[in-house]
Amino acid sequence: MTFLHDLIRPPIAPDKPDPVIWMFAGQGAQYFQMGRDLYQGHPVFRDWMERLDQIVVDQIGHSVLAVLYSDSAKISQPFDQLSDTHPALFMVQVAMAKTLEAEGLGPPDILFGFSLGEYVAAALAGAADMSDVLRDLLEHALIYENLARPGAMLLVLDNVANFNTDPIYADPIELAGVNFETCFVVAGPKPAISTLAQNLQEQEVAHQALPLRYAFHSSAIDHMETAIRPGMKRRRWRRGTIPVVGSVDAAAEPIDFINRDWWSVVRRPILLGDSLRALHAKYPKATFVDLGPAGNLKTAVQHNIKTLKPSQNHAIVTPFGTGLANLTRLKTALAKEVQS
């Protein structure tokens with residue numbers, strides 16, 4: 001299925017001095033009920049969630065919406081079944097983007113993708129058909145569920161320099177990503193991550209287990225490459241009409257999707273902080289809008305670009321169910337930016 005929106009999007013100049021940058025999150029940001037207030041209260045958000053969910057139903061035989069918004073599913077429960085979380089993250093963020101467009105706040109000048117969020121950005125940029133990208137993510141999720149070894153990922157609030165000096169981070173723990181100087185993500189086998197969490201607790205270092213069953217962005221998934229790559233190579237990508245920047249490149253240059261190595265997006269460490277700082281260096285007047293479900297990208301922007309004004313950094317969906325109110329605030333804030 002190809003949606004008309006994906007065929008008529010006008011080209012955007014990538015060198016605009018004060019661009020609006022939409023940001024999309026990856027695995028680890030998900031939770032049950034994410035975006036529910038928008039689903040119940042905004043017809044465009046609901047329409048896109050339902051039409052994308054139908055693609056999921058057609059491919060895997062059950063509704064992600066029924067799982068995501070089940071009355072028995074609590075936000076505090078781990079939402080970690082990959083065949084549900086992969087499409088759910090895609091659906092919520094695409095629906096959020098289409099909602100912003102319907103409210104007259106889009107399209108943006110640049111799209112920024114964090115891990116799986118790069119697939120969301122690529123689809124919105126028109127680099128591939130929306131439905132095909134969603135089907136690819138479902139296929140990848142099922143392959144992981146069938147073949148991947150159990151693993152875990154941990155968010156650590158510690159100086160990243162300590163990763164190379166403190167023995168508690170020894171092999172098989174690997175650095176999977178750096179959000180900012182005092183926030184990074186590690187990955188590895190589940191027993192090793194559990195031991196690390198205990199050691200961190202003893203050292204009174206704040207940390208949080210991510211809702212993931214696999215150690216993405218580490219050597220623990222290297223054996224998956226031969227299973228995943230054929231599907232990645234099968235997809236025929238276009239150049240797209242909105243520049244997309246990724247979080248494994250630590251650069252502000254648009255991605256060439258025709259020659260993109262998609263395996264690197266899930267295997268290489270995430271250089272979120274470096275990538276955000278590169279964007280800010282090139283576009284110091286840019287406005288960042290986090291379309292992810294948890295506001296974690298807005299937080300990363302705050303910590304990496306300390307000189308940014310509050311009016312240049314926004315989030316919409318949160319675990320507190322304030323998406324509709326935040327959408328109204330965003331419209332007001334961006335209107336003031338235009339007037340100034």
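Reader: Which elements each supply at least two residues of the lining of the largest pocket?

Author: In this predicted model, the helices that do so are α6 (130-147), α8 (225-234) and α11 (296-304), and the strands are β3 (152-156), β4 (174-180), β5 (183-188) and β6 (207-209). The space in the largest pocket comes to about 890 Å³, and among its 47 lining residues Q27, G28, A29, L210 and N296 are the closest to its centre.

Reader: What makes a residue part of the lining, and how do the residues of the largest pocket divide by class?

Author: A lining residue has an atom within 4 Å of a point of the pocket. By class the lining of the largest pocket has 32 nonpolar and 15 polar residues, and no charged residues; glycine counts as polar under this scheme, so G28 is placed in the polar class.

Reader: How many cavities of 30 Å³ or more are there, and what makes such a space a cavity and not a pocket?

Author: The count is one, and the word cavity applies because a 1.4 Å probe fits there but cannot get out, whereas a pocket is an open set of points. The largest cavity holds about 40 Å³ of space, and Y119, D136, H140, G231, M232, R235, W237 and W262 line it, with α6 and α8 as the elements that give two or more residues.

Reader: Why is α2 called roughly antiparallel to α4?

Author: Helix α2 (residues 43-60) and helix α4 (residues 82-102) pack at an angle of about 150 degrees, with their axes 8 Å apart. Angles over 145 degrees count as roughly antiparallel, and that makes α2 roughly antiparallel to α4. The crossing of α2 past α4 is right-handed.

Reader: Which residues of α2 and α4 meet, and of what class are they?

Author: From α2 come V44, F45, W48, M49, L52, D53, V56 and I60, and they meet S83, P87, F90, M91, V92, V94, A95, M96, K98, T99 and A102 of α4. The residues of this contact divide into 15 nonpolar, two polar and two charged.

Reader: Where are the cis peptide bonds that join G106 to P107 and D171 to P172, and what are their omega values?

Author: For the bond joining G106 and P107, omega is about 5 degrees, and P107 is placed in the loop between α4 and β2 (110-113). For the bond from D171 to P172, omega is near 15 degrees, and P172 is found in the loop between β3 and β4.

Reader: What is the phi value of Q33, and where is Q33 found?

Author: Phi of Q33 is near 75 degrees, a positive value in a residue other than glycine, and Q33 is found in the loop between β1 (20-24) and α1 (36-41).

Notes
Residues are numbered from 1 along each chain as its sequence is written. This is a predicted model: local features need pLDDT of at least 70, side-chain atom pairs count only at pLDDT 80 or more; totals for chains, interfaces and linings use all residues. Side-chain values use heavy atoms; hydrogens and water are left out. On a 1 Å grid over the protein atoms alone, a cavity is a set of points where a 1.4 Å probe fits but cannot get out, and a pocket is an open set with protein on both sides within 12 Å along at least five of seven lines; lining residues have an atom within 4 Å of a point. Grid points are joined across faces, edges and corners, and a volume is the space filled by probe spheres set on the points. Helices (H or I, at least four residues) and strands (E, at least two) are DSSP runs, numbered from the N terminus. Axes are lines fitted to C-alpha atoms, for helices over the stretch in contact, and angles run from 0 to 180 degrees between N-to-C directions. Angles under 35 degrees count as roughly parallel, over 145 as roughly antiparallel, 65 to 115 as roughly perpendicular and the rest as oblique. A crossing is left-handed if the near helix is turned anticlockwise from the far one by less than a right angle, and right-handed if clockwise. Contact means heavy atoms within 4.5 Å.
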